[in-house]
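Please read the sequence and the model side by side while working through the paragraphs below. They begin with a strand pairing, turn to helices and their packing, and end with confidence.

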Amino acid sequence: MDRDEGNYYGKHGEPRKFDPKFRGPIHNRHCTDIICCVIFIVVILGYIALGIVAWVHGDPRKVIYPTDSYGQFCGQKDTPNENKTILFYFNILKCASPVVLINLQCPTTQLCVSKCPDRFATYIDVQASYRYRPDQWNYFRQFCKPGFNNPRKSVAQVLRDEDCPSMIIPSRPFLKRCFPDFSTKNGVLTVANQTTFKDGRGKTRNVTDLREAANGINNVLDARSVGMKIFEDYAISWYWILIGLFIAMVVSLLFLVLLRFMAGVLFWIFIFGVIGIIGYGIWHCYWEFDHLKGIPGSDLTVYDIGFQTDFRVYLQLRQTWLAFMIILCVVEVIIILMLIFLRNRIRIAIALLKEGSRAIGYIMSTLFYPIVTFVLIAICISYWAVTAVFLATSGEPVYKVMANQTLCKYANLTCDPETFNRTNVTKLCPGAQCTFAFYGGESLYHKYIFIFQLANAFVFLWLVNFAIALGQCTLAGAFASYYWAYRKPADIPLWPLFSSFGRAIRYHTGSLAFGALILAIVQLIRVILEYLDHKLKGTQNSFTRFLLCCLKCCFWCLEKFLKFINRNAYIMIAIYGKNFCTSAKEAFFLLMRNVVRVAVLDKVTDFLLFLGKILVAGGVGVLAFFFFTRRIPLFAQEAPALNYYWVPLLTVIIGSYLVAHGFFSVYAMCVDTLFLCFCEDLERNDGSTAKPYFMSASLHRILGKKELSPKKAVG
């Protein structure tokens with residue numbers, strides 16, 4: 001058939017002739033948006049190549065293992081540091097904070113050690129007593145540079161060359177790094193119950209001097225303890241959590257079945273409940289207005305008393321309650337008028353919701369398609385995360401000159417540790433060392449790491465949006481097959497979901513990639529704007545902040561609009577098999593010709609599905625609460641003993657909401673597809689024998705059209 005006959009209206013709005021052969025999704029298709037399909041495939045191949053290059057150059061051990069001043073990993077197998085898994089800082093006072101210690105390099109020598117120091121000691125004291133107390137020297141020496149064993153070397157030279165630390169303090173490992181072992185005694189910060197310590201350079205210092213280097217460590221350690229308890233709770237309650245999620249799945253299915261019979265009842269109960277609540281509000285406002293009559297000061301106006309920080313003052317004014325009453329009356333009148341004038345469209349929306357439940361009942365496999373989308377998105381996230389880690393850990397060790405003297409002209413310059421001692425840097429800058437700084441390089445690849453990370457994020461967004469688009473187009477094709485079946489369910493094709501998936505992949509990969517590309521570009525811009533906003537948060541330029549805020553708002557609205565257009569474009573692609581731009585245009589104008597129906601259906605569907613999600617998550621959550629708190633006598637002995645009962649409880653509630661969202665997203669796609677098919681059906685057909693309606697009998701009765709033919713009535 002002529003594909004232009006798939007739409008009832010021509011380019012200039014003239015009616016097109018009816019195509020008696022049209023029976024829903026077209027099977028005789030051709031590939032659409034081929035150029036975008038080719039680009040998409042090339043980008044995927046390039047993305048795979050980027051991952052391979054990143055895997056060749058990257059080394060995730062740089063994230064897993066801490067690195068000492070020589071660029072060697074602590075705890076790496078088959079190396080001299082295999083049994084030395086913890087990083088030790090010679091002078092932690094030179095480090096600003098734990099964040100600097102973890103993410104950047106602290107300007108002090110760093111060594112891999114097997115354990116952290118457990119006592120206070122200074123090199124001066126240990127050297128002075130090494131002859132008659134060699135055990136102290138042997139203990140202290142394990143925190144010196146490997147191979148150093150010369151207690152006769154002068155203290156000044158040892159500290160200058162940083163052969164050993166000037167002091168050690170009791171520490172404990174955290175994130176495989178030695179941090180001071182802080183504790184609080186009677187509200188006073190201590191280390192090993194001491195408030196002072198010797199710094200090994202002739203000074204006695206207070207442990208508060210270590211505060212910056214250990215800022216937040218105690219809180220994080222407490223968080224680690226909480227994390228271990230949470231892990232224990234998950235370990236003993238995971239199967240009960242799975243049972244809760246299974247119950248959520250069953251309840252979600254039951255709710256979808258109930259919508260087939262109770263969608264109208266639920267909606268009207270809510271509407272009349274809102275009307276009743278607003279009516280009570282009007283009465284209460286009138287009662288307050290009348291009750292304040294004659295009370296001194298109640299007749300003052302809001303203008304008379306001006307702005308007050310205590311808003312209860314305004315509740316003592318009759319004018320306030322009068323304003324509330326007028327506002328509620330206006331809202332009440334608007335709702336009643338909308339119900340009167342839109343009653344037929346509301347009935348159509350409810351009928352479409354019931355029809356959606358019936359369609360899912362005939363094509364039950366659609367309820368499990370979100371699992372496919374979830375797997376595809378999980379693969380995308382995993383590939384992106386792994387590639388990002390390998391890109392971030394690409395590069396060779398870069399060494400820089402660390403000088404104690406602030407005026408050293410060689411400070412922060414790159415150096416070679418193998419030849420550093422033969423240069424004149426140590427003579428011009430006494431005490432300077434060539435220490436590991438970070439991982440990087442000067443090659444073309446290393447210069448464009450940031451660009452590669454940006455490309456990694458962009459392709460990730462593109463692939464995720466494509467996976468979502470594929471799911472929407474697949475479901476739309478399956479449900480369109482249901483709607484355009486003249487006799488339901490006899491005319492529904494065999495395996496409609498798999499057939500729709502095959503058509504989407506074979507013919508419309510380019511169109512789906514095109515829509516996903518547009519959305520990915522907007523989302524990337526939003527990510528960049530969020531990054532700029534984060535960077536400029538401390539700026540005092542009000543205009544810049546205002547401009548960023550406006551741009552963020554505009555692109556947020558644009559993303560929402562594009563998602564709406566893309567969703568309906570995919571439905572038209574699934575039905576007619578046209579390219580993305582044509583499908584988007586036809587879907588947009590079709591919706592604009594039925595804009596009131598769109599608004600009513602959208603709000604009715606949103607309300608009922610939101611109510612369903614709350615009911616599922618809330619109901620299963622209440623059941624989980626009573627179970628995990630052992631308030632169900634029948635299962636009191638079965639409930640596991642937990643550290644925090646809210647851990648599995650929150651998991652069940654959030655998981656139940658996500659399960660319900662997965663099922664209801666299929667339902668929402670079903671309703672949107674049936675609505676577009678319904679609008680097409682109205683524009684293409686008139687209910688006559690030559691041009692019969694494909695809609696269900698209930699929708700047909702609501703429209704008040706003539707009765708369906710006997711053949712149609714069978715469905």
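Two strands are said to pair if DSSP finds at least two bridges between them, where strands (E, at least two residues) and helices (H or I, at least four residues) are DSSP runs, numbered from the N terminus. The model is predicted, and local features need a pLDDT of at least 70, side-chain atom pairs count only at pLDDT 80 or more, and totals for chains, interfaces and linings use all residues. Residues are numbered from 1 along each chain as its sequence is written, and side-chain values use heavy atoms, with hydrogens and water left out.

With these conventions in hand, strand β5 (residues 171–174) and strand β6 (residues 177–180) can be seen to pair in the antiparallel sense over four bridges. P173 has C178 in β6 as its bridge partner. Two residues lie between the strands of this hairpin, and L175 takes a positive phi near 55° there. Most residues other than glycine have a negative phi, and most peptide bonds are trans. Two further residues other than glycine with a positive phi are D33, near 50°, which is placed in the segment before α1, and W495, with phi near 50°, which lies in the loop between α14 and α15 (496–535).

Just after α16, G577 takes a positive phi of about 75°.

Two packed helices are described by the angle between their axes and the distance between the axes. Here the axes are lines fitted to C-alpha atoms, for helices over the stretch in contact, and angles run from 0 to 180 degrees between N-to-C directions. Helix α14 (residues 449–483) packs against helix α19 (residues 646–684) at an angle of about 50°, with the axes 9 Å apart. That angle makes α14 oblique to α19, given that angles under 35 degrees count as roughly parallel, over 145 as roughly antiparallel, 65 to 115 as roughly perpendicular and the rest as oblique. The residues in contact (heavy atoms within 4.5 Å) include L475, F479 and Y483 of α14 and M669, L674 and F678 of α19. The crossing of α14 and α19 is right-handed, a crossing being right-handed if the near helix is turned clockwise from the far one by less than a right angle, and left-handed if anticlockwise.

Helix α14 also meets α1, and the axes of these two helices come within 11 Å and cross at roughly 130°, which makes α1 oblique to α14. This crossing of α1 and α14 is left-handed, and the residues that meet include I39, F40 and Y47 in α1 and F452, W462 and F466 in α14. Helix α18 (residues 595–628), in turn, packs with α19 at an angle of about 160°, with their axes 9 Å apart, and is therefore roughly antiparallel to α19. The crossing of α18 and α19 is right-handed.

How far should such details be trusted? The pLDDT is the predictor's confidence in each residue, from 0 to 100, and the protein chain has a mean of 79, with 85% of its residues at 70 or more. Confidence is highest in helix α1 (residues 34–57), at a mean of 92, and lowest in helix α3 (residues 98–103), at 38. Where pLDDT is low, the predicted coordinates should not be read in detail.
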